[in-house]
Amino acid sequence: MTLATTRIVRIAAFNFCLVVVGLANLARLVGGSVRATCADCPVLSVNPQAARPLGRAANGTPCRIRARNGLPLPDPKCTPGAINPTVTLTVVRDRLFRTGCVRNCSTTQRDRSATYRRYGIQHPKGNSGRNQICELDHLVPLEMGGADTIENIWPQCGPTGGTLWQRYFKQKDVVENYLTALVKSGNMDLAEAQRQIARDWTQFLDVAKGWCAAHECRGDP
């Protein structure tokens, strides 16, 4: 390779790097349109594996779904909830933060699926799309600083009739949207919101439905 050819190759490689960096910066400017993962979270202060349980989970004990207000709650002995302390209020408010920054970063598919057995629930067949009956739900939602650990994951199932939007996990999504909005607006302390949704998410459902009637509710960002 001649000296001139070497220079051309080096210039081309340099220009390619500039294009890659420019595209990455453009993605940040448009609000993180590139899907964030725990390997490339644009919010560098987030540690995807960080976790702080809100209670002690007992290993090896049978888990039972509880009911309150006709809605399911996890067993606090098995699923006390857990938070990621690096997902602070500043991070929650950051337009670049996505739940992909922490999702499936601390648990494997095998770990998560094992929660069905712990709760004595059979994994439903064809559990996807409009036929989805159960969701392995984060008790403290990831968008609100929940941790991706077994202490924070439980199988939320039912009801079997009705539409997808009547499923309990979809109703809990409404509560998550509502509380996250309160936290971002400064009308509720982040730690308090995390504790309250872990204790009893159903207590907020009626007011959250009213809030969602006037606002755009959606799933995890």
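Guide: In this predicted model, strand S5 (134-138) gives the most to the lining of the largest pocket, with 5 residues. Helix H3 (109-118) and H4 join S5 in supplying at least two residues each to that lining. The volume of the pocket is about 420 Å³. Its lining counts 20 residues, and those closest to the centre are Arg103, Gln132, Glu135, Leu136 and Asp137. Rolling a probe the size of a water molecule over the atoms shows where empty space is left.

The buried residues of H3 are Arg112, Ala114, Thr115 and Tyr116. S5 is among the elements that cover them, and so is S6. Just after H3, the chain passes through Gly120, which takes a positive phi of about 65°. Asn104 counts as partly exposed because its relative accessibility is 41%, which lies between the limits of 20% for buried and 50% for exposed.

From S6 the chain continues towards H4 through a loop that deserves attention. Pro159 has its place in this loop between S6 and H4. The peptide bond that joins Gly158 and Pro159 is cis, with omega about -10°. Thr160 is found in the loop between strand S6 (153-157) and H4 as well. Thr160 has a relative accessible area of 69% and is therefore exposed, the limit being over 50%. Leaving out residues up to four places away in sequence, Thr160 touches Ile133 and Arg167. Thr160 and Ile133 are 27 residues apart in sequence, yet their C-alpha atoms are 6.3 Å apart in space.

In soluble globular proteins, nonpolar side chains tend to be buried together. Leu179 shows what such packing involves here: not counting residues up to four places away in sequence, Leu179 touches Met144, Met188, Ala193, Ile197 and Phe204.

H6 also has a part in this interior. The buried residues of H6 are Leu205, Ala208 and Cys212. Seen down the axis of H6, these fall within an arc of 60°, so they line one face of the helix. An α-helix has 3.6 residues a turn, so residues three or four places apart point the same way. The face of H6 turned away from the buried side carries the exposed residues Asp206, Ala213 and Ala214. The buried residues of H6 pack against S3 and H4.

S3, in turn, holds Leu73. Leu73 has a relative accessible area of 2% and is therefore buried, the limit being under 20%. Leaving aside its neighbours within four places in sequence, Leu73 is in contact with Ile65, Arg66, Arg68, Trp154, Arg199, Asp200, Trp201 and Thr202. Leu73 and Trp201 are 128 residues apart in sequence, but 7.8 Å apart in space, C-alpha to C-alpha. In the loop between strand S2 (66-68) and S3 lies Asn69. Asn69 is exposed, with a relative accessible area of 60%, and its phi is near 55°, a positive value in a residue other than glycine.

These parts may now be placed in the whole chain. The chain contains 6 helices and 6 strands, and from the N terminus on its elements run α-β-β-β-β-α-α-β-β-α-α-α. Buried residues make up 43% of its 221 residues. Among contacts between residues at least 6 apart in sequence, 72% join residues at least 24 apart. The accessible surface of the chain comes to about 12300 Å², and 56% of that surface belongs to carbon and sulfur atoms.

Technical notes. Residues numbered from 1 in each chain as written. Predicted model: local features only at pLDDT ≥ 70, side-chain atom pairs only at ≥ 80, totals over all residues. Heavy atoms only, no water. Contact = heavy atoms within 4.5 Å. Helix = DSSP H or I, 4+ residues; strand = E, 2+ residues; numbered from the N terminus. Buried < 20%, exposed > 50% of the residue type's maximum accessible area, 1.4 Å probe, protein only. Areas by Shrake-Rupley, 256 points an atom, 1.4 Å probe, with all protein chains shown as cover. Arc of directions from axis to C-beta. 1 Å grid on protein atoms, 1.4 Å probe; cavity = no way out; pocket = protein on both sides within 12 Å on 5 of 7 lines; lining within 4 Å. Points joined across faces, edges and corners; volume = space filled by probe spheres on them.
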